Amino acid sequence: MSEPIDVSLNRLAEGWRHRHLLNLESLSPEDITIILDVAEVLIAATKSEGRKLSLLTGKTIANLFFENSTRTRNSFSLAAKRLGADTIEFSSSGSSVAKGETFIDTAKTIEAMGVDAVVTRHGTPGTSDLLAQHLDCSVLNAGDGPHEHPTQGLLDILTIQQNRGSVAGLTVALVGDIAHSRTARSNIWGLKKLGAHVIVCGPATLVSRKWEALGVEVAHRLDDILPRCDVLNLLRIQFERQAASPFPSVREYALLYAMNAERMRKSKDNILIMAPGPINRGVEITPEVADGPHSVILQQVSNGIAIRMAALWLLLASPTAKVVVAKPTESTKGLA
Amino acid sequence: MSDDATWLIEHGRIIDPAQSFDGVGRLLIHQGRIAALDPNDGELPSDVCRIDASGCIVAPGLVDLATELGEPGLEEDETIQTGSQAALAGGYTSIACAANTDPPIDTAAAVEFVRQKAARADRSRVHVLGCLSKGRRGEELAEIGALVDAGAVALSDGPGPISNTALLRRALEYCLMFDKPILDRPEVTSLTRGGVMHEGMTQLVLALAPMPAEAEDLATSRDLRLLETTSGKLHLSSISTKGSVELVRRSKARGTEVTVGVRIANLCFQDELLRTFDSSLKVNPPLRSEEHIRACVDAVADGTIDVITAGHQPRSLEKKMQELDAVPFGMSTLDTALAQVITYLIEPGRLTWPRAIECLATNPAQVLSINAGSLRVGQPADVVIIDPQAQWTVEPSQLFSRSSNTPLLGQQLQGRARSVWVDGRLKHDLGAANHPSSN
C-alpha cells in the first residue's frame with residue numbers, strides 16, 4: 001500500500017545529501033524545494049491513505065527540549081507518529097549547569113537509548129550544531145535561541161507557496177523583533193534562496209541597517225511598506241529575550257506595528273497574514289485580523305506537521321539516509 | 001647534565017632586542033648566567049657543552065604578563081606545576097600568575113603560597129600579580145603595600161576590567177609609591193553583559209549575544225585619560241579593537257607612558273570562526289573581525305602595541321562542554337602562542353623576528369621591571385632556542401597544560417621552542433639538539 005508513495009518520494013529525494021537539518025542558511029534552493037515537494041506528497045498521502053503512514057516504522061525519534069515549547073514539540077511528535085515512528089519525550093528547562101550535567105551528556109544519554117534522530121530545542125545558538133558534532137544520530141534543530149528554526153521557515157514558505165503558487169518575486173515583510181528571532185533568520189535565508197524580496201521591519205533597536213548586508217530591505221515604519229507587501233509575517237515580541245526593553249511600551253509598539261483593521265485597508269487586496277505563534281493578540285495582531293479572511297495562521301500550523309514529516313523522512317528514510325555513513329563533523333563543514 | 005653546566009650555543013641567529021643584537025653568533029652560559037655573547041675560543045671554559053643551533057633562533061626566554069594558573073581553587077583547569085611546564089614548552093621562562101584564583105591573590109599569604117608552589121614545581125619562573133582590590137570586588141583597594149612586599153610584581157583585578165573609575169584613579173595614584181604597574185583590560189561591561197562574541201555580521205547571523213567594539217574603545221579612552229591625569233603606571237593588558245589602537249597611538253604621540261598588550265588569539269583568529277560554535281573560541285576580548293585584527297597586527301609592527309601576550313586561560317573540558325551562553329571565557333595558549341606568532345605573523349611576513357622577540361620577551365619584562373627578557377652579559381641565563389621550521393600538530397597529548405581548550409587541536413603549526421634554559425639550567429629540550437658534551 002505504501003509502495004507507490006515510496007517510489008515518488010525516493011524520486012523527489014534524489015538530490016538530498018544531508019544527515020542533519022540545522023539551519024536554512026547552508027541549504028541550497030534545490031534542498032529547500034525537495035523538502036517542500038516531499039511535504040506536499042505527504043500531505044496528499046495522509047489525506048488519501050488515512051492519517052498514519054508506515055514510512056518510519058521501527059525508527060525512534062527523541063524530542064530533546066531544553067526550552068519550553070508545546071506547539072513545536074507536539075508538532076514534531078505528531079509528525080513522527082504519523083510516519084509510524086516511536087517517540088521519546090525529554091524536556092528540561094533551566095540550564096544544564098544547574099543539573100550538573102552538560103547538555104551534550106544529556107543528549108548522549110538519550111542517544112544511547114537507541115534513537116535514530118534527535119529533535120532539539122535550546123535557548124542558546126549553536127546547540128544543535130554542537131549536538132550534530134557529538135552525536136552519531138541525525139539532529140533536527142527545532143530552534144536554537146534566536147539563531148535558526150529551519151522547520152518554521154520551511155512551513156512559512158510552504159504556506160505562501162500553497163496560496164500563491166510560488167514565493168519567487170513576492171514581497172514578504174517580517175515584522176517585529178528581528179534581532180531576537182530565529183523565525184526571521186530562517187525565513188530570510190529560505191525566502192531569499194527562492195527568489196522573494198524580503199523586508200525586515202521593526203523598531204530601530206530590534207533591526208539595524210546592518211541587516212541590509214544579508215540582502216534584505218530594512219524598514220522601521222510598517223505604514224511605509226504596507227502597500228507593497230504580498231505577505232506579512234508578524235513575529236512575536238520575545239519579551240523573554242530582552243535584557244532591557246528595546247521600545248518604550250507595548251502600547252507604543254502596537255501603535256507602530258500592530259496589524260489591525262485600519263492597516264488591512266491600506267494593504268493589497270490579496271495580502272497574506274501570517275504569524276509563527278504563539279500570537280500576542282492586541283500586540284502584533286488584532287483579533288479581527290488574526291481571525292479574518294487573509295489570515296493563514298492555522299494553515300501554518302497544519303503545514304508544520306507536513307514539513308516536519310518531510311524532514312524526518314528525508315533524514316531517516318530517504319535513499320541518502322540509507323547510504324551515508326555517520327560522519328559527526330559533516331554538519332559544521334556545511335555551515336562554513 | 002649537572003645544573004651548573006656550561007653551555008655554548010653555536011651557529012644560531014641570536015636576537016636580543018634589548019641590546020639591538022641580531023646576528024649569527026655564539027652564546028655562552030656559565031654558572032647560571034649569560035657569560036658572553038660571541039666569545040673567542042680562548043675565553044671558553046674547559047668543560048663546555050656545545051649546542052648546535054643551526055637554522056634556529058636564539059633569544060631571551062619569553063615573558064608572559066598574566067597567566068591563569070588555576071591554583072589555588074581551580075585545579076581542574078590548571079595547576080602551577082602543569083601551567084609552568086606548559087610555559088617552558090612554549091618557550092616562556094617567566095610568567096606572571098594572574099590573581100583570579102579562588103580565593104583571589106589579595107593577601108601577602110596568597111602571594112607567598114603561589115611563590116612556594118612555583119619554587120617546588122621548579123619549572124619556569126612564576127611571578128605573582130596581586131589583586132588591585134580586596135577580593136577582586138572592585139570596591140576597595142587591596143593591601144597593595146603588603147602585596148608588593150610579599151613579591152607581587154604588578155596589580156590586576158583581571159581578567160575582567162576595573163569598572164570602578166574612582167577606584168582605578170585612586171589606585172593609579174596609590175601605586176606611584178611602589179612603582180608597580182596596574183594591569184587593566186578595558187571593557188565597559190554594561191555594553192557587553194551576557195555577550196558571547198564580537199558584534200558584527202557573523203554575530204548577527206549566528207544571533208549570539210553581542211560584545212560591541214565600542215565597549216572596549218570607551219574604556220581605553222577612560223584609562224588613558226586617567227593615566228594622563230595621575231602620571232601613574234598603567235598597562236592595558238589586552239586590547240583588540242581598531243578604536244583602541246587609534247586611541248593608544250594618539251596618546252603615545254602626546255607622550256603618555258602607557259604600555260599596551262594584545263593577546264595572540266586576537267592577532268590570529270577571526271570572529272567568523274565561531275560559525276563552528278567551538279566553545280574554545282569564546283574569549284574576552286572576543287575574536288574580532290578582519291579590520292580590527294589588521295589594525296592590531298599593524299600596531300604590533302609599528303610599536304603602538306608593546307606586548308604580545310599568550311592570554312592563557314585554561315578551562316576544563318566539562319566547563320567548555322556547556323552551551324555557549326554558559327561557557328566561561330578562555331583559551332589555553334601557553335603551549336602554542338609562540339608557534340602561533342611564527343605561523344600566523346612571522347611566516348606570512350607580517351612581523352619580523354626581532355620585533356616578535358621584543359613583544360614576547362623584552363617589553364613584557366620591562367613592563368614588570370623584572371630581571372629578564374635580555375641576553376646581556378651577567379643576566380640570569382633564561383634562554384630559548386626556537387626552531388622556526390619545526391612542523392607539529394596540536395594534539396591534547398602534546399599539550400602540557402591541564403586543559404586543551406584551544407581551537408588549534410588537529411591543526412599543524414610551524415615553529416617551536418626546542419630548548420629552554422632557566423637560570424642556566426636546561427629545563428625543556430625536545431632532543432632535536434645535537435650536543436656532544438665535550439670540548
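The legends below describe close-up views of a predicted model. Local features need pLDDT of at least 70 and side-chain atom pairs count only at pLDDT 80 or more, whereas totals for chains, interfaces and linings use all residues. Residues are numbered from 1 along each chain as its sequence is written, chains are lettered from A and ligands numbered from 1 in the order in which they are written, and side-chain values use heavy atoms, with hydrogens and water left out.

**View 1. The contact between chain A and chain B.**
Chain A gives 27 residues to the contact and chain B gives 17 residues, where contact means heavy atoms within 4.5 Å. The area buried between the two chains is about 1900 Å², and carbon and sulfur atoms give 64% of that area. Buried area is the accessible area (1.4 Å probe) that two parts lose on being put together, summed over both. Thr124(A), Pro125(A) and Lys210(A) supply 24% of the area that chain A buries against chain B, more than any other three residues.

**View 2**
Between chain A and chain B the count is 2 salt bridges, a salt bridge being a side-chain nitrogen of Lys or Arg within 4 Å of a carboxyl oxygen of Asp or Glu. Arg275(B) and Glu25(A) meet through their side chains in a salt bridge (2.8 Å, N to O). On the side of chain A that touches chain B, at least two residues come from each of helix 4 (96-99), helix 5 (103-112), helix 6 (127-134), helix 8 and helix 15 (330-335) of chain A. Helices (H or I, at least four residues) and strands (E, at least two) are DSSP runs, numbered from the N terminus. Helix 6 of chain A gives the largest share of this side, 4 residues. By class, this side of chain A has 11 nonpolar, 11 polar and 5 charged residues; Ala, Val, Leu, Ile, Met, Phe, Trp, Tyr, Cys and Pro count as nonpolar, Asp, Glu, Lys and Arg as charged, and the others, Gly among them, as polar.

**View 3. Arg185(A), a buried residue without a salt bridge.**
Arg185(A) is found in helix 8 (residues 182-193) of chain A. The nearest side chain of opposite charge, Asp177(A), is 7.4 Å away; Lys and Arg count as positive and Asp and Glu as negative, while His and the chain ends are not counted. Buried means under 20% relative accessible area, exposed over 50%, and partly exposed in between (1.4 Å probe, protein chains only). The side chain of Arg185(A) reaches the backbone oxygen of Val205(B) at 3.5 Å. Not counting residues up to four places away in sequence, Arg185(A) touches residues including Trp211(A), Leu204(B), Val205(B) and Ala207(B).

**View 4. Two salt bridges within chain A.**
Glu89(A) and Arg73(A) meet through their side chains in a salt bridge (3.6 Å, N to O). Glu89(A) lies in strand 2 (residues 86-91) and Arg73(A) in helix 3 (residues 71-82) of chain A, so the pair ties together parts that are 16 residues apart in sequence. The relative accessibility of Glu89(A) is 39%, partly exposed. Asp223(A) and Arg263(A) likewise meet in a salt bridge (2.7 Å, N to O). Asp223(A) lies in helix 9 (residues 222-225) and Arg263(A) in helix 11 (residues 261-266) of chain A, so this pair ties together parts that are 40 residues apart in sequence. Asp223(A) is partly exposed at 31% relative accessibility, whereas Arg263(A) is buried at 7%.

**View 5. A salt bridge within chain B.**
The side chains of Asp122(B) and Lys427(B) form a salt bridge (3.0 Å, N to O). Asp122(B) lies in the loop between helix 2 (108-121) and strand 8 (125-130) of chain B and Lys427(B) in strand 18 (residues 425-429), so the pair ties together parts that are 305 residues apart in sequence. Asp122(B) is partly exposed at 29% relative accessibility, and Lys427(B) is buried at 13%.

**View 6. The surroundings of Glu216(B).**
Glu216(B) lies in helix 6 (residues 214-230) of chain B and is buried at 3% relative accessibility. The side chain of Glu216(B) reaches the backbone nitrogen of Thr241(B) at 3.1 Å and makes a polar contact of 2.8 Å with the side chain of Ser244(B).

Definitions and conventions. A polar contact is a pair of N or O atoms within 3.5 Å; within protein, one must be able to donate a hydrogen and the other to accept it, and residues adjacent in sequence count only if both atoms are side-chain atoms.
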